[in-house]
Each structure stands twice: as structure tokens, then as C-alpha cells.
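Take a look at the chain shown here. Keep it at hand while you read this short report.

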Amino acid sequence: MERRQQPPPTEIEIKVVTPRRGDNMVHPAGPSPAPARTFSEVYRPFKRWKSWLVPCFVVANIVVFVVTMFLNNCPKNSDKCIARFLGRFSFQPFKENPLLGPSSSTLDKMGALEVQKMIHGHHQAWRLLSCMWLHAGVFHILANMLSLVFIGIRLEQEFGFVQIGLVYVISGFGGSLLSALFIDGGISVGASGALFGLLGSMLSELISNWTIYANKLAALLTLIFIIIINLAVGILPHVDNFAHIGGFVSGFLLGFVFLIRPQFKWVNQRNAPPGHITTPVRSKYKTYQYVLWVISLILLIVGFTLGLIYLLRGVNLNEYCSWCHYLSCVPTSKWKCKPHQIECLTNQLGNQLNVTCSSNGKTGTYSLADNSPSRIQQLCTELCS
């Protein structure tokens, strides 16, 4: 059975819609065509990446912290643990670690930055990288991981996982290297150097790609303000500001190398549809971008090479810079910058170890199966705190 077809209309049906202000047009009946989108509305000059590496970094840091707490096993070594219901995951006493974390001896075993174990025949230079995955406590890792999420995910979405991964790891290495050249003693852990590297790369990226940004001056001033505030926190005691400075400088130079954008006119010309007229551009990057790229790469290579040479030779840069220690801590009437030297006298008879703190005279007797130097140092620290 065939469907009957109506003859085509001989006239165009029109209707007059209720006029809006400034609209006195007569419109044909039926659905109105969608407005044509211009090339500038459809085209995105730079690819938007999906962030996955930064979340993996966050998970890796958390896993390493959990493993560190498992190996720490506070109830086995101390009777004053915090949150003992967590079992071997409980925290060291506040006097020993106010950040709710493991003991310094456990962090040392896990690969904390300790200069004496990287020189004088030990050759444990791998600690320059391992220390950036360790954290001193819950408060420490919480602050660093929140910062990594807020800063790192946005950068990875803009530039991809390869560039941001390299900036993060190399900046962390640079922060550890500068810290090792200046710290007198003790250990250092944390991802702060890598995080400051991301901040530094944001600043250099803004400078390098200056011409493609709107409201660039406001963005620059805001970023500089954030950086100054974070570096100022580093002058407090027990904060390794040399790691912050080393990471920031490394990231700042790396931003000129890895986060460089092609000039917009070149990208527009390369991806313009047929028939779209664009201004011809020969060079992919501007001249000043090439200059900054070369200078930054040279400074990075020279800086890391000299730093490693000085470190492996046991050079302490404080001996050549009498005021540099103020970059990490400024003494006031409220606090002192030089760490208090902890010394104890020990006397062992069988499994019984007598420990006497030289500073306060306190004495403790312990029954030990593990009489390693790190375990004795931990007991001394608890006794003198």
C-alpha cells in the first residue's frame, strides 16, 4: 500500500514573531538554523591533557608513609606511643615527633637525606632522590599532598605528564642537593623541594609565554606573592628552607626548558581550516624564548654538576658563605636556630643498657635485644627531650 504524498506548497508560509527590542524581522516558519560558529570559537590552540601522574605521585607518597609507619613499630621501641590502638602504626611521642610520625632512626633507614652517609666512603647519593618521597608525620604529608593536588593537577592538564613529571622529580633532586650542601647535621625529608619546583615553573612559564595570557600582570603579582609567603615560612626553625630554595630555582629554570609554548600565530597558522587567512609566521617560538631556553639549560647542567662534585668531596658551603644560614632560619627572642646537641653516656651489662642524658641528668635503664647505634640514639633523644 502506497502512502499518499501531499503536493508541495506553492507559497512560503511566514509568521511574524513577537518583536524584541531592536528586532523587526519577519522569520520563516519552522526551526531556525543554529548560528554558525566562528573558527576562533571552535578552535583550541593547545591540547588539554588528562591528569593521572600527579594522583599517582600522591598515592606513592601515602604508600611510602604507611610502609614507614609499619616499619617504625612504635610499641616495640617505646611505651609512650600516641594512638596505641593503631598497633605498630601508632606514632612516636610528641616530644620526639610533634608531626605525628615515625622516629628519626626509621626515616634514616628508609632513605632520609643525611649528608654523612653520602660522603666519607658511604656513597649513598641515592638519598638525594629517596628523601623526597618520605614525610616526617601526618601533618607534614597532609600539607604537601594537598599542595601537590592543587598545583600539580592544573599543570599536568596544561602541559602533560612528561613535562610535569620531569619538573617534579628534577626539582626535588635540586632541592635535596642544595640542602645537602648547607645543612650541618640531622636529617631532612619531604616533597617540599619538588613542590617549590612546580611553583617556580609556574612563574617561568608565565614569563616565557607572556604574550598569550590575559590579565598577565595580575597573575604575575599573585604568583609572586604566594611564592614569597611560602619562602618566608622557611625561615622558621626546623624547616629546611634550602630544600625550598633549591627546588624553586631548579623548577624556575626547568620551566623555561619544558613549559615553553609555541607563539599563538604559528599554532593558528598551522591548524587553520582551508580558506581561513592567517598571518604568516616562520618561527615556532619567539627569539626571547630560545634565549631563555639555552641559558636555563646551561645553568641547570653547570649547577647540578658543580653541586654533585662539591657534595661528594664533602664541601660545606656554610664555610664560604657566612650569612647563607639566615636563608633557612632567622633567630629571634622566641626561638634559636642552632639545634640542641644531644649527648648521652651509656653503660651496657648483658641486655641491660643504662643511658644518662648529659644535658638534664636523666637516667634510664632499658632491656634491649637491639643495641644498634640508631636504637641507642633514639633512646637518648627520648630521654633528653
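## Cysteines and disulfides

C74 and C81 are both buried. This is a predicted model, and these two cysteines form a disulfide in it. Their sulfur atoms lie 2.0 Å apart. The angle about the S-S bond is -100°, and the link of C74 and C81 is left-handed.

How many disulfides does a search of the whole structure find? The count is two. C321 and C324 form a disulfide as well, with 1.8 Å between their sulfur atoms. Here the angle about the S-S bond is 80°, and the link is right-handed. Both C321 and C324 are buried.

Is C131 buried or exposed? C131 counts as buried because its relative accessibility is 3%, and the cut-off for buried is under 20%. C56 has 40% relative accessibility, so C56 counts as partly exposed. Partly exposed covers the range between the buried cut-off and the exposed one, which is over 50%.

## Positive phi angles in loops

Now turn to the backbone. N73 has a phi near 50°, a positive value in a residue other than glycine. Where does N73 lie? It is in the loop between α2, residues 53-72, and α3, residues 74-77. N73 counts as buried because its relative accessibility is 14%.

L100 also has a positive phi, of about 60°, and it is not a glycine. L100 belongs to the loop between α3 and α4, and α4 spans residues 104-110. With 15% relative accessibility, L100 counts as buried too, because the cut-off is under 20%.

## A nonpolar patch on the surface

Next comes the surface. Ten names make up this list: V59, I62, V63, V66, V67, F70, L71, F85, L86 and F89 form a nonpolar patch there. Together they have about 890 Å² of accessible area.

Pick out L86, one of the patch residues. L86 sits in the loop between α3 and α4. Why does L86 count as partly exposed? Its relative accessible area is 34%, and so it falls between the cut-offs of 20% and 50%.

## An open sheet

Strands come next. Three of them form an open sheet in the order β3-β4-β5, and the pairing is antiparallel. Which strands are at the edges? They are β3, residues 344-349, and β5, residues 363-367, and each pairs on one side only. Neighbouring strands of this sheet are turned by 20° against each other on average, direction ignored.

Look at one pair in detail. β3 and β4 pair in the antiparallel sense over six bridges, and β4 covers residues 352-357. Take Q348 as an example: its bridge partner in β4 is L353.

## A buried glycine in a helix

The last stop is G251. This residue has its place in helix α10, which runs over residues 241-258. G251 counts as buried because its relative accessibility is 0%.

How far apart are G251 and L199 in space? From C-alpha to C-alpha, the distance is 7.2 Å. In sequence, G251 and L199 are 52 residues apart.

Note on methods:
Residues are numbered from 1 along each chain as its sequence is written. This is a predicted model: local features need pLDDT of at least 70, side-chain atom pairs count only at pLDDT 80 or more; totals for chains, interfaces and linings use all residues. Side-chain values use heavy atoms; hydrogens and water are left out. A disulfide is a pair of cysteine sulfur atoms within 2.5 Å. Buried means under 20% relative accessible area, exposed over 50%, partly exposed in between (1.4 Å probe, protein chains only). Helices (H or I, at least four residues) and strands (E, at least two) are DSSP runs, numbered from the N terminus. Two strands pair if DSSP finds at least two bridges between them. Axes are lines fitted to C-alpha atoms, for helices over the stretch in contact, and angles run from 0 to 180 degrees between N-to-C directions. Patches are made of residues with over 30% relative accessible area and no salt bridge: like charges are joined within 9 Å, nonpolar side chains (Val, Leu, Ile, Met, Phe, Trp, Tyr) within 5 Å. Accessible areas come from the Shrake-Rupley method with a 1.4 Å probe; for residues, only the protein chains shown count as cover. A salt bridge is a side-chain nitrogen of Lys or Arg within 4 Å of a carboxyl oxygen of Asp or Glu.
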